[in-house]
Amino acid sequence: GKAQVQAAEAAGSSKPRVPDGFVKQRGETNLYWSEKRQLFWKDTDARYYVWDDLAQAHVELHEAGSHDVSVAVGGVCHERATQVKNVIVKDLIKAATAMRLSMDHLDQPCAMYALYDGHRGGAKGNACAEFCAKHLHGKLLPKLAAFRGYWVDDRLKSALRESFEELDASFLEKHPGVNDGCSAAVALLVGDRLVVASIGDIACCACMRSGETVRLARAHAMPDPDAEDDSDDEAEAEEEKPAEAASGSGRAVPWTRSFGDADLKTPSLGAMRLLPTPEVTVLKLDQQHQGFAFVCRALFQSIGRGVAVATVFRRGAGRPRMAAGALIDAAVQYLGQVGQDTGLASVVAFLDIRSDDPSASSSGPPAAKRRKSDEPTQVRLRHILMKHKECKSTVDKVRNRQVRRTRGEAERILRGILEEVEGDSGRKIFTQRCRDLSECQSCLKAGDLAGDVSWVKRGDKKFPEAFETTAFGLKVNQMSDLIDSDQGVHIVLRTA
């Protein structure tokens, strides 16, 4: 568009050339339409436009920007906690393409992270949490694809509210007589904006590089589990207090908003009826934000709340799966036992936000992902592999035995190793643990070559994509987060 304007001005023409495939609109003097591209074009400024149903006007087509925001994200659910689900979609535009939708007009990175904490389900799981985990994107993505102008904050909030309400209606319609319900926390990342939608009582925290945690959404439950932290939010809480109090009193469940819970959403309940409409917050990300966490309420309360989350962020060193798992490990140690109804799950994200100002620098550990310009063409790696029952091969060829451990048990062993080797710059502990525990035959190599898989070149498909992506983001002598492959779960050390 800009090039056409400049060319027209240079040629002394009053109007630029009409792009191919655009036809003048009837009754319009300067507006053209392309059926194929579903776009308008104006000859007064040579720019492309779309129709905005909300504004009832033509608005300019948004050209997506790419923000210098990197995210390392991981989610962990305890294997016995059958009513919890997490969803991590690292590339929402790619996911939209699989649905034959285009979202190229949205700023990047564009991703979605969600945690569902089910309640009132049975021994086999929670129908509501499973339904929401599978179908939320099917409600949200068509909305994001439908409007190709710039998405202001209020429009993003409305899209999430409508998606939640439609998702709840779909679940109630397709599962008559089922009273399963769930709390939910969903983060939509669009460029440098984090849009957080929450119903129920999942703890949603932003973690600052100063060590402070900031609550992103208040719990929709009575009594309020965050009441002791509400001294700064009293005015906000008062706005909804009458309705929330009416909804929370006289009933066994504490939640005032949720997905599902069909028997608690009948119109006859009046003010006590549970709502599916989320509270939505938009956070403009900057260098002070180290990351964010969604934590199931039972887990959050048992580990020491925001202080424990801040501690895990400080010690996590940009490894979100290790951090998410560490929260669960702490809760299990405190609770002693885990039942199917215990909500033990978390989603943790570390952010690395670069400023346009070269003099600006962020403190604290960066996220695991690094810039492509910094990445080498090949790296040398050592690793420790723990197999589990879900692997392609469940045979430990080093010790010639069948592996019967769960994925969760494999992850716990590797998290313990990461904790051990954190302060061991010489990596002697890594070598010893590799010999003692690794179930890859590379652990039999001599000396400091234990676990060595030699040089890995970019794109040689020697290892899965996730393994390669993580490996090339490491610095020399840096340990990775937990990585999944069909062989099992790995931790990787870059040696050169």
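**Figure 1. Helix 8 and its buried residues in the predicted model.** In this predicted model, helix 8 has P320, R321, M322, A323, A324, G325, L327, I328 and A331 as its buried residues. The helix covers residues 320-335, and its 16 residues should span 22 Å at 1.5 Å a residue; the C-alpha atoms at its ends are 23 Å apart, which agrees. Just after helix 8 comes G336, whose phi is positive, at about 85°.

Figure 2. An α-helix has 3.6 residues a turn, so residues three or four places apart point the same way.

**Figure 3. The aromatic pair of F22 and Y48.** Nine aromatic pairs are found in a search of the whole structure. In one of them, the ring centres of F22 and Y48 lie 5.7 Å apart with their planes at 40°, so the pair is tilted. The pair joins distant parts of the chain, as F22 is in the loop between helix 1 (2-10) and strand 1 (23-24), while Y48 is in strand 4 (residues 47-52), 26 residues apart. F22 counts as buried, at 8% relative accessibility.

Figure 4. Distant parts of the chain are linked here: F313 belongs to helix 7 (residues 305-316) and F350 to strand 16 (residues 345-353), 37 residues apart. Both partners are buried, F313 at 2% relative accessibility and F350 at 1%. Elsewhere, Y113, F292 and F294 are linked into a cluster by ring pairs.

**Figure 5. Cysteines without disulfides.** The search of the whole structure finds zero disulfides. For C128, the closest cysteine sulfur is that of C182, at 3.8 Å, which is too far for a bond. C128 is buried, with a relative accessible area of 0%. C207 is likewise in no disulfide, and the nearest cysteine sulfur, in C205, is 6.1 Å away. C207 is buried as well, with a relative accessible area of 1%.

Figure 6. Most residues other than glycine have a negative phi, and most peptide bonds are trans. The bond from Q108 to P109 is cis, with omega near 0°. P109 lies in the loop between helix 2 (92-98) and strand 8 (110-119). A cis bond is also present from M222 to P223, where omega is near -5°. P223 is placed in the loop between strand 12 (213-217) and helix 5.

Figure 7. R100 is a residue other than glycine with a positive phi, near 60°. This residue is in the loop between helix 2 and strand 8, and R100 is exposed, with a relative accessible area of 81%. S454, although not a glycine, has a positive phi of about 70°. The position of S454 is in strand 20 (residues 452-457), and its relative accessibility of 28% makes S454 partly exposed.

**Figure 8. The loop holding P176.** P176 occurs in the loop between helix 4 and strand 9 (181-190). P176 is exposed, with a relative accessible area of 65%. Its C-alpha atom is 8.0 Å from that of A262, a residue 86 positions away along the chain.

**Figure 9. Confidence along the chain.** The mean pLDDT of the chain is 87, and 87% of the residues reach 70 or more. Confidence is highest in helix 4 (residues 153-174), at a mean of 98, and lowest in helix 5 (residues 234-248), at 42. Over residues 7-12 the pLDDT is below 50, and this stretch has three contacts in the model beyond near neighbours in sequence. Residues 231-249 also have a pLDDT below 50, with 21 contacts beyond near neighbours in sequence.

How values were computed:
Residues numbered from 1 in each chain as written. Predicted model: local features only at pLDDT ≥ 70, side-chain atom pairs only at ≥ 80, totals over all residues. Heavy atoms only, no water. pLDDT = per-residue confidence, 0-100. Helix = DSSP H or I, 4+ residues; strand = E, 2+ residues; numbered from the N terminus. Contact = heavy atoms within 4.5 Å. Disulfide = S-S within 2.5 Å. Buried < 20%, exposed > 50% of the residue type's maximum accessible area, 1.4 Å probe, protein only. Expected span 1.5 Å × (residues − 1). Phe/Tyr/Trp six-rings, centres within 6.5 Å; stacked < 30°, edge-to-face > 60°.
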